[in-house]
Amino acid sequence: MATREAPGTIREQEPVVDPVTVSVITHRFEAIVQEMGEAMLRTAYSQILNSSRDFSTAITDRESRLVAQAEHVPIHVGSMPWAVRAITDFFGDSINPGDVYLLNDPYHGGNHLPDLTTFVPVFFEDKLLFWSINRSHQSDIGGSTHGAYNPAATEIWQEGLRITPLKLYDAGTVREDVMQMIAINVRHADDFLGDLRAMIGSSWVGERRILQLLDEYGTETVTEAIDAILDSAESQTRACISTWTDGVYFGEAVLDDDGHGTEDIHIRAQVTVSGDSLHVDLSDSHPQVTGFINSSYPNMMSAVHMALSFLIEPRTPKNSGTFRPLTVTAKEGTVVWARPPAPVTLATNHCAQEIAESVIKALVGACPDRVIAGWGRRFRIAIKGVDPRTGRQFIWHLFHARPGGGASPAGDGWETAGEGQAMGSSKFGSIEVAEVRFPLFFEHHEFRPDSFGDGQFRGGAGSVLRLRMETEGTAVANTAGDGVRHPSYGTCGGRDGVPHRYRLLAGEHVRELRTKEVDIEVPPHSVFLVESAGGGGYGPPAERSPDARRQDIENGFVSADDTTDRALLTTGT
């Protein structure tokens, strides 16, 4: 058992840069990470990146302190300080201008193997000052099944190619042998290489913009501004926490299963609020399991940071200063901090979402005006087959039919917003583009009536999708997700949402799909019937306004059969 803080969180001397300059530099860093993201979006090859946006960009300083992140995928960024530390610990003084580094191993600062990370060191006046970073989810990363998720895995080597800290460019020169070795170990190497080059290009954009900033303001001003930026984020976070009610609180979230026979896997958080500080103890969580829902330590920390980020003021920057008021205790050998070589690929979704949920549920008693109800969980399908129009193999990931978001004191949950670990940042791509690029036909794709949890503010609606395969041969699918047995939770008197239901229709045969399966045969012209979960509700249903109920009916979110039940909830009779 251990209590740790993020690396590189040592307080520096008081800054002397004026507040206006600090504000300007703050926004410059934010603009840089946003531009890095735009570069990635416009140059990536795979739909999972150029349409669904499953990537994140960030900047850390030489001490591995997170300076800025774009609003991409929250679970990606919290572990980046550990990844930078892994690079600097391994390469030490051999880091040079023009280098590019690569990493994906979750036991060396990564989240999971599909999330490949590129690091570009930023040197100014012969000194390493910053790191420009891109973390992007790959469509495939090798391993024994396609699509980068292997529900059958019992050890990490079955999940894909492990990349510990690796130098891909040496002083500006690409190591072609290493590049080829990596590419040959993944399916669809051309797409992979295109995505990898887009990641590197995105990191180079960050490097160029940081150098321009340093050239304009100088090293001393920028580095002092960094200290002020982190201190300001810490102060804002402490000010928010200080308004919460002191005490010791408990929360629990439960996963359906691990795909290998273990069910109802609990994650328990004991959260202590003391003044302007927060301590999270996850030691009583379920022992690590056989399947791939286990988490590495950096991913666990990222999930706890994610929970805190959801509860503080939205305008507070999310950097290493933000998380100084937070400490975490966990027990190695549990599902939240597994010992290698446990498989961990699903952990960026589940159990990361449940770690965050357990913390948020615990804090209902401390800050009920800030907590959020449960978001739908991830349930993705990866399909591999041959496109009859081209004769080429394809891998397609289902990012459509997203579940609903959880309600909050601010209002209803977002419709089809996606799972909680992404909080709406991962998009479902263009239906038209998907139909052009892949042998698919979307028969319909619409909101799922009656799927959300009722409340003063209701959860977001899930989706209904009928997806027809236009293949001529049998395709193969695998699934990865959760949330068929345990729905999105309601909070503060709100009701739970309705869980997922996924089916494969092949002629007269109907097959219920489980959340963790491999080698699912998909006959030609089969139809996937996807009904995704709705979000949880916030507050007692009796307090929902009549106007809101009328709009739900008019907009088709509540079916005619369900209207009477909800009216009874409103009147309490």
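**Charges.** I started with the charged side chains of this predicted model. I get 50 positive and 77 negative side chains in the protein chain. The centres of the two sets sit 2 Å apart.

**Overall build.** Next I looked up the secondary structure: the protein chain has 12 helices and 21 strands. Its radius of gyration comes out at 23 Å, close to the 25 Å that the globule rule gives for 573 residues, so I can call the chain as compact as a globular protein of that length. I also noted the extent of the C-alpha trace along its principal axes, about 70 × 60 × 40 Å.

**Surface and contacts.** How much of the chain is buried? I find that 61% of the 573 residues count as buried. The protein chain exposes about 21,000 Å², and carbon and sulfur atoms supply 49% of that area. For contacts I took residues at least 6 apart in sequence; 75% of those contacts join residues at least 24 apart.

**Helix H4.** I picked H4, residues 80-91, and checked its length. At 1.5 Å a residue its 12 residues should span 16 Å, and I get 17 Å between the end C-alpha atoms, which agrees. Is H4 largely enclosed or largely open? Nine of its 12 residues are buried, so the rest of the structure largely encloses this helix. Among the buried ones I wrote down Met80, Trp82, Ile87 and Phe91. Gly92 follows H4, with a positive phi near 55°.

**Val280.** I then went to strand S11 (residues 277-281), which holds Val280. With a relative accessible area of 0%, Val280 is buried. Its touching residues, leaving out those up to four places away in sequence, include Gln270, Val304, Leu326, Val328 and Val359.

**Ser139.** I found Ser139 in the loop between strand S6 (127-137) and strand S7 (166-170). Is Ser139 buried or exposed? Its relative accessibility is 16%, and the cut-off for buried is under 20%, so Ser139 counts as buried. Beyond residues up to four places away in sequence, Ser139 touches Ser46, Ile48, Gly147, Ala148, Ile395 and His397.

**Pro368.** This proline lies in the loop between helix H9 (352-362) and strand S13 (379-386).

I looked up a few backbone angles last. Pro340 and Pro341 are joined by a cis peptide bond, with omega about 10°. Pro341 belongs to the loop between strand S12 (326-330) and H9.

Ala401 is not a glycine, but I read a positive phi near 55° for it. I place Ala401 in the loop between strand S14 (393-397) and helix H10 (431-437). Ala401 is buried, with a relative accessible area of 1%.

Asp450 also has a positive phi without being a glycine, about 65°. I located Asp450 in the loop between strand S15 (440-448) and strand S16 (462-469).

Definitions and conventions:
Residues are numbered from 1 along each chain as its sequence is written. This is a predicted model: local features need pLDDT of at least 70, side-chain atom pairs count only at pLDDT 80 or more; totals for chains, interfaces and linings use all residues. Side-chain values use heavy atoms; hydrogens and water are left out. Helices (H or I, at least four residues) and strands (E, at least two) are DSSP runs, numbered from the N terminus. The radius of gyration is taken over C-alpha atoms; the globule rule is 2.2 Å times the number of residues to the power 0.38. Buried means under 20% relative accessible area, exposed over 50%, partly exposed in between (1.4 Å probe, protein chains only). Contact means heavy atoms within 4.5 Å. Accessible areas come from the Shrake-Rupley method with a 1.4 Å probe; for residues, only the protein chains shown count as cover. Lys and Arg count as positive and Asp and Glu as negative; His and the chain ends are not counted. The place of a charge is taken as NZ of Lys, CZ of Arg, CG of Asp or CD of Glu. The expected span of a helix is 1.5 Å times one less than its number of residues.
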